[in-house]
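User: Please examine the structure shown below and answer a series of questions on its architecture and contacts.

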Amino acid sequence: LNMLAGLEPSERGEIEMTGAAARLAADGKLHWVESNGGWYAIGYPWHLLEASTRLIQDRPLQRFNVKARLLGDVHRCVTVNILEDTWIGRGCLLTDRVMISRNCYIHPGVQIMNRTAVGPNTQIAGGTQIGNCLIGANVQIGRRCLLTRCVIGDGATLGDAVTAFCDPPPDGKIYSNVKGERVEVDLPKFGAVIGPDAYVAPMTVLMPGAKVAAGASTEVGEVV
């Protein structure tokens, strides 16, 4: 951090990683690993979702690698990775490269699909359907939610019957709010951004690109 404080801003007015790397190299303190993989821009929340989706897609996963406890019949297809101390309820559907971390509780009848990543210590209540989402750690998701292409931050809580739509409006453009500015989402489809420790009240409807900021909350039945 002391080294970064001594760097001059670039023409963009920012402290650049390339400048930091050059300074470390000059001081003989730079260590690196060569990678054959690509790189992913993560400047906006929806970029995190895209990066997660691509990493899951490209990762050489086992077809069915489950270290969790299955509570009854669980329907699973294609590639599913579930880590230790996670419980999967009866009648759940897990399909198409789903990754679930440690110490999660997935209640009966939940559907998790299409390159979704679920962080540790997360609970998802019965009847909820989740597709292509990035879900952080310590998240609580209520019953009968419908979530598609969303980014959900650590510690967020979603009440029952929360719905997030991801299809764009007729003009084909989705906008979101970033630091108080309206920003166009450069994806054909995107759901909502739910910040860390946010509370989404029951029956909230989240339109494409909607944002519930970190620590913020919605009202019951609110359309965001």
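User: With which residues is Ser52 in contact, leaving aside its neighbours within four places in sequence?

Analyst: This is a predicted model, in which local features need pLDDT of at least 70, side-chain atom pairs count only at pLDDT 80 or more, and totals for chains, interfaces and linings use all residues. Residues are numbered from 1 along each chain as its sequence is written, and side-chain values use heavy atoms, with hydrogens and water left out. Ser52 lies in helix 3 (residues 45-58), where helices (H or I, at least four residues) and strands (E, at least two) are DSSP runs numbered from the N terminus. With contact defined as heavy atoms within 4.5 Å, and leaving aside neighbours within four places in sequence, the partners of Ser52 are Ala117 and Leu134.

User: Is Ser52 buried or exposed?

Analyst: The classes rest on relative accessible area: buried means under 20%, exposed over 50%, and partly exposed in between (1.4 Å probe, protein chains only). Ser52 has a relative accessible area of 11%, and is therefore buried.

User: How many helices and strands does the protein have, and what share of its residues is buried?

Analyst: The protein has three helices and 24 strands. Of its 224 residues, the buried share is 40%.

User: Which residues touch the most other members of the largest nonpolar core?

Analyst: A nonpolar core is a set of buried Ala, Val, Leu, Ile, Met, Phe, Trp, Tyr and Cys residues joined through side-chain atoms within 4.5 Å. The largest one has 33 residues, and those touching the most other members are Ile100, Ile106, Ile141, Leu147 and Ile152.

User: What value does phi take at Lys179?

Analyst: Most residues other than glycine have a negative phi. The hairpin of strand 19 and strand 20 has two residues between the strands, and Lys179 in this hairpin has a positive phi near 50 degrees.

User: What is phi of Asp96, and what is phi of Asn114?

Analyst: Asp96 is in the loop between strand 6 (93-95) and strand 7, and Asn114 is in the loop between strand 9 (111-113) and strand 10 (117-118). Each has a positive phi: for Asp96 the value is near 70 degrees, and for Asn114 near 60 degrees.

User: How many residues apart in sequence are the parts that Arg149 and Glu50 tie together?

Analyst: A salt bridge is a side-chain nitrogen of Lys or Arg within 4 Å of a carboxyl oxygen of Asp or Glu. The side chains of Arg149 and Glu50 meet in such a bridge at 3.0 Å, N to O. Arg149 lies in the loop between strand 15 (146-148) and strand 16 (151-152) and Glu50 in helix 3, so the pair ties together parts whose separation in sequence is 99 residues. Both Arg149 and Glu50 are buried.

User: How far apart in space are Pro208 and Pro169, C-alpha to C-alpha?

Analyst: Pro208 lies in the loop between strand 23 (205-206) and strand 24 (211-212). Because its relative accessible area is 19%, Pro208 is buried. Its contacts beyond four places in sequence include Phe165, Asp167 and Ile174. Pro208 is 39 residues from Pro169 in sequence, while their C-alpha distance is 8.3 Å.

Notes
Two strands pair if DSSP finds at least two bridges between them.
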